[in-house]
Amino acid sequence: LIELMYTQNVEISDLTMRNSPFWNTHIYDSDNVHIHGVSIQAPDDSPNTDGWDPDSSRNVLIENSTYRGGDDCIAIKSGWDCFGEAYGKPSANITIRNLTCDGPVAGIAIGSEMSGGITNISVQRVHFVRANGAAHVKTSASRGGYVTNVTFADVTFADGASISEGILVDSHFGDANPSCPKGWRPAHPPVMANYTFERIDGRSAYLRDSPFHFVGGGGTALTGMVVRDVHFPAAAGKPNW
């Protein structure tokens, strides 16, 4: 419904957005964007109806808003494989705070399209009514790039909130871009470093899978991972880690 491209100093506020056919708000290669007081509503069965998609953008603040829809509440990106690496514009200095997210996917996703780099991401005071996974940080071997300096803090869940993984950090997530030249490889494997997850209370949630999913490898080591004061129920028939 809204797409910003190559813009600076933009405020989006006091809107209700309904029934988007695709992403609700795409913020591409833009700087200094402030979004607040926005309500997004879409059916549960509407695919790709992300709430907000900062993409190769800098200095973005998304706050005091609500999402109910069929896909991610927020998905932070910076390009898919060869195109993201060639463009080379990271998503950086993004703050997300005081949101309510509700949907069958409806998490805060970082990646997996992150080949231009993602750094300095702060997620604070987000309340989940439902979510496939609350905190998803995703890369794959074909991406290259980096995701560094990420914090999730003061995250809460509604009573009985249905979620899959509580925290997912995975370097094997997502397919290679079929539009890249045959045989293309990134300059280096993805870098995933310096993540803090703290004061996350999921004890009242209903967990369908493992609460903690941390998977590196394929040339990517997960370094500087801090999990502090984080609570989820035990997994039903799944490993907790």
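**View 1. A disulfide joins C73 and C101.** In this predicted model, the sulfur atoms of C73 and C101 lie 2.2 Å apart. A disulfide is a pair of cysteine sulfur atoms within 2.5 Å. The link of C73 and C101 is left-handed, with -60 degrees about the S-S bond. C73 sits in the loop between β6 and β7 (74-76), and C101 sits in strand β8 (residues 91-102), so the pair ties together parts that are 28 residues apart in sequence. Strands (E, at least two residues) and helices (H or I, at least four) are DSSP runs, numbered from the N terminus. Are these cysteines buried or exposed? C73 is buried, at 0% relative accessible area. C101 is buried too, at 0% relative accessibility. Buried means under 20% relative accessible area, exposed means over 50%, and partly exposed is in between (1.4 Å probe, protein chains only).

**View 2. A disulfide joins C82 and C180.** Here the sulfur atoms of C82 and C180 are 2.1 Å apart. The link of C82 and C180 is left-handed, with -100 degrees about the S-S bond. C82 belongs to helix α1 (residues 82-87), while C180 belongs to the loop between β13 (162-170) and β14 (191-201), so the pair ties together parts that are 98 residues apart in sequence. C82 counts as buried, at 9% relative accessibility. C180 is buried, with a relative accessible area of 11%. How many disulfides are there by this rule? The count comes to two. Number the bonded cysteines along the chain, and the disulfides follow the pattern 1-3, 2-4.

**View 3. S65 is a buried residue in strand β6.** Strand β6 covers residues 58-68. S65 has a relative accessibility of 3%, so S65 counts as buried. Which backbone atoms lie by the polar side-chain atoms of S65? The backbone nitrogen of G37 lies 3.3 Å from a polar atom of the S65 side chain. The backbone oxygen of E63 lies 3.0 Å from a polar atom of that side chain. A polar contact is a pair of N or O atoms within 3.5 Å; within protein, one must be able to donate a hydrogen and the other to accept it, and residues adjacent in sequence count only if both atoms are side-chain atoms. S65 also touches H36, G37, V38, W52, N98, L99 and T100, leaving out residues up to four places away in sequence. Contact means heavy atoms within 4.5 Å.

**View 4. The peptide bond from G111 to S112 is cis.** Its omega is near 5 degrees. S112 lies in the loop between β9 (108-110) and β10 (118-128). Most peptide bonds are trans.

**View 5. N120 and D154 have a positive phi.** Most residues other than glycine have a negative phi. N120, which is not a glycine, has a phi near 60 degrees. N120 is found in strand β10. N120 is partly exposed, at 34% relative accessible area. D154 is not a glycine either, and has a positive phi of about 60 degrees. D154 is found in strand β12 (residues 146-157). D154 is partly exposed, with a relative accessible area of 29%.

**Notes on the views.** Residues are numbered from 1 along each chain as its sequence is written, and side-chain values use heavy atoms, with hydrogens and water left out. Because the model is predicted, local features need pLDDT of at least 70 and side-chain atom pairs count only at pLDDT 80 or more, while totals for chains, interfaces and linings use all residues.
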